[in-house]
Amino acid sequence: MAKILVVDDEPDLELLLRQKFRRKVRKGELTLVFAQNGVEALEQLRSHPDVDMVLSDINMPQMDGLTLLHQLNQLNYDLRAVIVTAYGDMKNIRTAMNRGAFDFVTKPLDFKDLETTISKTLAHLEIMREALRSRDELVALRQELGVAARMQESILPTSFPEDPRYEIHAWMTPAKEVGGDFYDFFKLEDGRIGVVMADVSGKGVPAALFMMVSRTLMKGTAIGENDPAKCLQEVNQLLVESNEQSMFVTVFYASFDPATGILDFANAGHNLPYLVKASGEARPIDCDAGLVLAIMPGFEFPGGSVRLEPGDSVFFYTDGITEAMDEEGVEFGDEELAAVLAATAGSNAGTFNRKAVQAVQEHAGDAAQSDDITCLTLRYLGDSR
């Protein structure tokens with residue numbers, strides 16, 4: 001049974017949530033506890049030490065949600081926090097993410113989105129608890145990689161936006177030796193969409209943990225910083241300051257405006273995405289490589305901008321695609337990828353990913369997959385307004 005503490009000073013919210021989740025409560029799958037501010041929330045936590053998740057508003061009397069997040073970190077509670085705030089309150093959202101909030105939802109509440117966020121948060125918490133329970137019992141690499149794979153899968157978006165102006169679809173085929181590939185996409189200010197493609201160094205649980213930290217910092221920073229290059233610069237600084245394991249992550253981050261078709265981007269040592277024109281031309285986006293994140297403070301990351309025309313697609317990927325080898329050690333390569341993408345021009349986003357992964361797998365044949373195969377396609381359909 002999951003137990004959620006809801007912290008909000010609006011009395012109507014308690015009635016709405018009790019009504020929405022009444023079946024789960026009746027079945028014994030969920031318990032809801034309520035508090036009207038941060039002070040009451042801490043009192044409830046003392047009475048209910050088995051709370052799994054805190055769903056908290058930001059603006060409340062006596063103790064607001066940001067202060068509550070700080071207290072939760074200080075008291076080291078074994079739970080996850082999700083904040084509720086007004087859409088556009090980017091400064092507070094960013095502060096909350098940097099103070100340890102796992103995710104956020106915006107008002108007015110979309111209950112479908114809320115249910116998805118709750119499920120994802122509780123699944124992630126259980127995986128982390130399992131990892132901690134198993135930490136001293138892992139006697140084989142295979143067990144560790146199993147935990148890492150589930151940690152990796154727990155943060156990847158699995159439902160894709162439905163919008164008449166654009167399509168987004170992503171695909172990952174994990175390797176047996178789990179790496180740190182991850183992708184993400186999320187809403188930004190002014191209707192823009194943030195897209196992340198990244199690859200963490202190393203394997204197993206350490207890579208998966210570093211991946212989660214990187215993902216949280218990317219999302220929390222992106223919603224408060226419009227410039228992709230400055231966003232990477234700030235995330236890099238935060239990772240450098242807490243990188244005790246000397247790991248690193250390559251990231252290509254883009255901000256897309258469906259109203260104009262403009263894609264702003266910056267690169268931190270990652271493979272350059274391909275711009276696939278509706279006419280059939282496929283070429284890498286023009287951008288310097290930059291430096292990987294978490295290695296050097298103060299680095300300024302290269303970026304640029306491109307305007308997509310209706311029917312154009314951008315194919316983001318990790319090196320598990322181009323470096324996939326056949327049984328003789330021959331890599332799939334950039335030229336073959338470009339040829340596949342050019343032949344797929346004009347197709348929907350899901351077809352781009354399927355065709356690329358299929359081509360990689362056919363090239364590899366019976367050779368063992370040594371790295372994650374990860375890709376994401378953004379296809380611009382045009383602003384019909």
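**Backbone geometry and exposure in a predicted model**

Analyst: Ala 294 is placed in the loop that runs between strand S12 (282–284) and strand S13 (303–307); strands (E, at least two residues) and helices (H or I, at least four) are DSSP runs numbered from the N terminus. The model is predicted, so local features need pLDDT of at least 70, side-chain atom pairs count only at pLDDT 80 or more, and totals for chains, interfaces and linings use all residues. Residues are numbered from 1 along each chain as its sequence is written, and side-chain values use heavy atoms, with hydrogens and water left out.

User: What is the phi of Ala 294?

Analyst: Most residues other than glycine have a negative phi. In Ala 294, a residue other than glycine, phi is positive, near 85°.

User: Is Ala 294 buried or exposed?

Analyst: Buried means under 20% relative accessible area, exposed over 50%, and partly exposed in between (1.4 Å probe, protein chains only). Ala 294 is buried because its relative accessible area is 5%.

User: Where is the place of Asp 190, and what is its phi?

Analyst: Asp 190 sits in the loop between strand S7 (180–187) and strand S8 (193–200). Its phi is positive, near 60°. With a relative accessible area of 68%, Asp 190 is exposed.

User: Is the peptide bond from Lys 107 to Pro 108 cis or trans?

Analyst: Most peptide bonds are trans. The bond from Lys 107 to Pro 108 is cis, with omega near -5°. Pro 108 belongs to the loop between strand S5 (103–107) and helix H6 (111–135).

User: Which helix holds Glu 335?

Analyst: Glu 335 is in helix H11 (residues 334–343), and this residue counts as exposed because its relative accessibility is 72%.
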